[in-house]
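The following exercises concern a predicted model. Each task is followed by a solution in steps.

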Amino acid sequence: MPDIPMTVVALLCLASVAAGWIDAVVGGGGLLLLPALLLGLPSTTPAAWALGTNKAVAIVGTSGAAVTYVRKAPVDVGMAVRIGLAALAGSSAGAFFAAGMSTDVLKPVIMVVLLAVAAFVILRPAFGTAPAPGPATRRQRLAAIGLAGLGIGCYDGLIGPGTGTFLVLALTALLRLDLVTASATAKIVNCCTNAGALAMFAWQGTVLWKLAALLAVFNLAGGTLGARTALKQGSGFVRVVLLTVVLALVANLAYEQWVA
């Protein structure tokens with residue numbers, strides 16, 4: 001455990017609460033917590049320790065949000081787990097190929113996709129405000145497992161930021177869900193991918209467990225509150241947060257690509 005000033009620890013706790021709330025509502029909490037860890041930990045700390053600690057914190061908040069959603073939202077847990085297992089396989093494959101692929105090439109592509117998504121959500125105000133009539137077909141369910149599971153899981157292992165947001169969008173479109181139910185389903189999928197990633201980081205010994213345990217308490221509180229807020233405020237509120245997170249993700253990727 002590195003020597004971290006108490007003021008920095010306090011700020012990390014605040015970041016953990018906020019990240020848990022954002023992640024529960026629409027995904028993307030890692031956009032806040034991971035940079036906070038990278039800035040808050042001593043400069044001599046390898047980045048892998050921040051990544052591992054972030055996963056150890058995130059899985060607690062995500063699990064808390066998932067439990068809150070499952071209790072009150074109409075979630076198809078069986079389908080969510082099947083997508084989650086596919087995402088686990090996809091993230092493992094993505095992590096395997098990450099070392100040999102330049103993310104500098106992929107980031108501009110992801111930014112274009114995100115801007116297209118933002119434009120789509122803005123131009124389609126009814127998107128995700130209510131579930132589409134009729135259940136998803138077998139083909140749509142298989143597409144959800146392939147795209148939302150394997151595809152986005154691979155992206156998670158390869159690059160990472162915004163995985164939860166991509167899941168919410170894909171599940172809304174493919175499974176004909178409203179945004180609140182899609183967020184709930186995404187949390188279960190995230191639990192699977194986070195568990196796989198955390199197991200790898202723990203095996204490598206790159207988790208600051210004491211710091212993670214403290215931040216996890218605050219992340220859990222933020223995640224539970226975020227899920228309750230989304231359930232109370234409805235899909236219209238989630239849509240606003242979704243647009244905000246998508247634009248923040250574009251700005252973050254642009255900064256990493258051309259400024260940092």
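**Exercise 1.** Determine which backbone oxygen lies 2.9 Å from a polar atom of the side chain of Ser 91, and describe the surroundings of Ser 91.

*Solution.* 
Step 1. The backbone oxygen in question belongs to Leu 88, and the distance from this oxygen to the side-chain polar atom of Ser 91 is 2.9 Å.
Step 2. Ser 91 is located in helix α4, which spans residues 77-98.
Step 3. Once neighbours within four places in sequence are set aside, the contacts of Ser 91 are Gly 153, Cys 154 and Gly 157.
Step 4. The relative accessible area of Ser 91 is 11%. Because buried means under 20%, Ser 91 is classed as buried.

**Exercise 2.** Identify which helices each supply at least two residues of the lining of the largest cavity, and classify the lining residues.

*Solution.* 
Step 1. The lining consists of Gly 20, Asp 23, Ala 24, Ala 58, Gly 61, Thr 62, Ala 65, Lys 187, Asn 219 and Gly 223.
Step 2. At least two lining residues come from each of α1 (6-26), α3 (47-72) and α9 (209-233).
Step 3. The most is given by α3, with four residues.
Step 4. By class, five lining residues are polar, three are nonpolar and two are charged.

Notes: Residues are numbered from 1 along each chain as its sequence is written. This is a predicted model: local features need pLDDT of at least 70, side-chain atom pairs count only at pLDDT 80 or more; totals for chains, interfaces and linings use all residues. Side-chain values use heavy atoms; hydrogens and water are left out. On a 1 Å grid over the protein atoms alone, a cavity is a set of points where a 1.4 Å probe fits but cannot get out, and a pocket is an open set with protein on both sides within 12 Å along at least five of seven lines; lining residues have an atom within 4 Å of a point. Ala, Val, Leu, Ile, Met, Phe, Trp, Tyr, Cys and Pro count as nonpolar, Asp, Glu, Lys and Arg as charged, and the others, Gly among them, as polar. Buried means under 20% relative accessible area, exposed over 50%, partly exposed in between (1.4 Å probe, protein chains only). A polar contact is a pair of N or O atoms within 3.5 Å; within protein, one must be able to donate a hydrogen and the other to accept it, and residues adjacent in sequence count only if both atoms are side-chain atoms. Contact means heavy atoms within 4.5 Å.
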